[in-house]
Amino acid sequence: MKKIYLLVCISLLLFCIASCGSKNETANMDSKIRNNSEQLLNISLQEPFAEKPVLLTSVGQSADVEMVKQLLTRANIEFTMNALATKDDIKDNKTLVLAIGGSSKGLGAAGIDANQEIDRINNLITSAKSAGLSIIALHIGGEARRGELSDKFIAPSFENADYAIVVSNGDKDGFMQQLARNKSMPLALVNGMTDVMEPLEKAFK
């Protein structure tokens, strides 16, 4: 009986040690995630960098470009909008603003598919960078603008942007935060579309 009792006690002790270890590992993992998030969020915009006028285009042909248009108008930022802009539309513009969000309906109405849209954006970005334009990426559609289609357009936009503004519930998986972290790009995470105005205005000289 004593041996059985001893074995039970040892088993309970080992179980407690394993449980504590698991809890500590989970706590350490949570701490790392919090630290990484804090580190990223501290990569804030230090000073205005963008100049006017602005060329606004869609990346994915969603209605979000119209919302960004309204934000630029309210902020009194001079701009030209062309949802299907090409290098010929750069002209004397100083900043390229990308309104990111895929819409199969919008692509269909424009008569293009996702691959053609990506090619257009890559060519436009290449020409804009060669012309010395600053690039601002906006993902303001939240969770509704995530998914297989929209995600195709996020990476090429973020990888070439100088600054990004994101409505936070569209980045619950941290995808856009990680893209920004990879290149130490300033990123403004905001609670909703009404909060986009302030970081957008701060970007312009």
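This is a predicted model: local features need pLDDT of at least 70, side-chain atom pairs count only at pLDDT 80 or more; totals for chains, interfaces and linings use all residues.

**Entry 1: the pocket.** I wanted to know which element gives the most to the lining of the largest pocket. It's E6, with four residues. I looked up the volume of the largest pocket next, and it comes to about 170 Å³. The lining has 13 residues, and the closest to the pocket centre are Tyr 163, Ala 188, Glu 198, Pro 199 and Lys 202. Two elements give two or more residues to this lining: strand E6 (187-190) and helix H7 (197-202). I also sorted the lining by class and got nine nonpolar, one polar and three charged residues.

**Entry 2: H4 against H5.** How do helix H4 (residues 114-130) and helix H5 (residues 148-158) pack? I found an angle of about 15° between them, with the axes 10 Å apart. Angles under 35 degrees count as roughly parallel, so H4 is roughly parallel to H5. I checked the handedness too: the crossing of H4 and H5 is right-handed. Then I listed who meets whom. From H4 I wrote down Ala 114, Glu 117, Ile 118, Asn 122 and Ile 125; facing them in H5 are Leu 149, Lys 152, Phe 153, Pro 156 and Ser 157. By class, this contact of H4 with H5 has six nonpolar, two polar and two charged residues.

**Entry 3: H5 against H6.** On to the next pair. H5 and helix H6 (residues 175-182) pack at about 20°, and their axes are 10 Å apart. Is their crossing left-handed or right-handed? I get right-handed for H5 and H6. H5 brings Asp 151, Ile 154, Ala 155 and Phe 158 to the contact, while H6 brings Phe 175, Met 176 and Leu 179. I sorted these by class as well: the contact of H5 with H6 has six nonpolar residues, no polar ones and one charged.

Entry 4: Pro 53 sits in the loop between helix H1 (2-41) and strand E1 (54-59). I also looked at Gln 61, which isn't a glycine but has a positive phi of about 65°. Gln 61 lies in the loop between E1 and helix H2 (64-74).

Note on methods: Residues are numbered from 1 along each chain as its sequence is written. Side-chain values use heavy atoms; hydrogens and water are left out. On a 1 Å grid over the protein atoms alone, a cavity is a set of points where a 1.4 Å probe fits but cannot get out, and a pocket is an open set with protein on both sides within 12 Å along at least five of seven lines; lining residues have an atom within 4 Å of a point. Grid points are joined across faces, edges and corners, and a volume is the space filled by probe spheres set on the points. Ala, Val, Leu, Ile, Met, Phe, Trp, Tyr, Cys and Pro count as nonpolar, Asp, Glu, Lys and Arg as charged, and the others, Gly among them, as polar. Axes are lines fitted to C-alpha atoms, for helices over the stretch in contact, and angles run from 0 to 180 degrees between N-to-C directions. Angles under 35 degrees count as roughly parallel, over 145 as roughly antiparallel, 65 to 115 as roughly perpendicular and the rest as oblique. A crossing is left-handed if the near helix is turned anticlockwise from the far one by less than a right angle, and right-handed if clockwise. Contact means heavy atoms within 4.5 Å.
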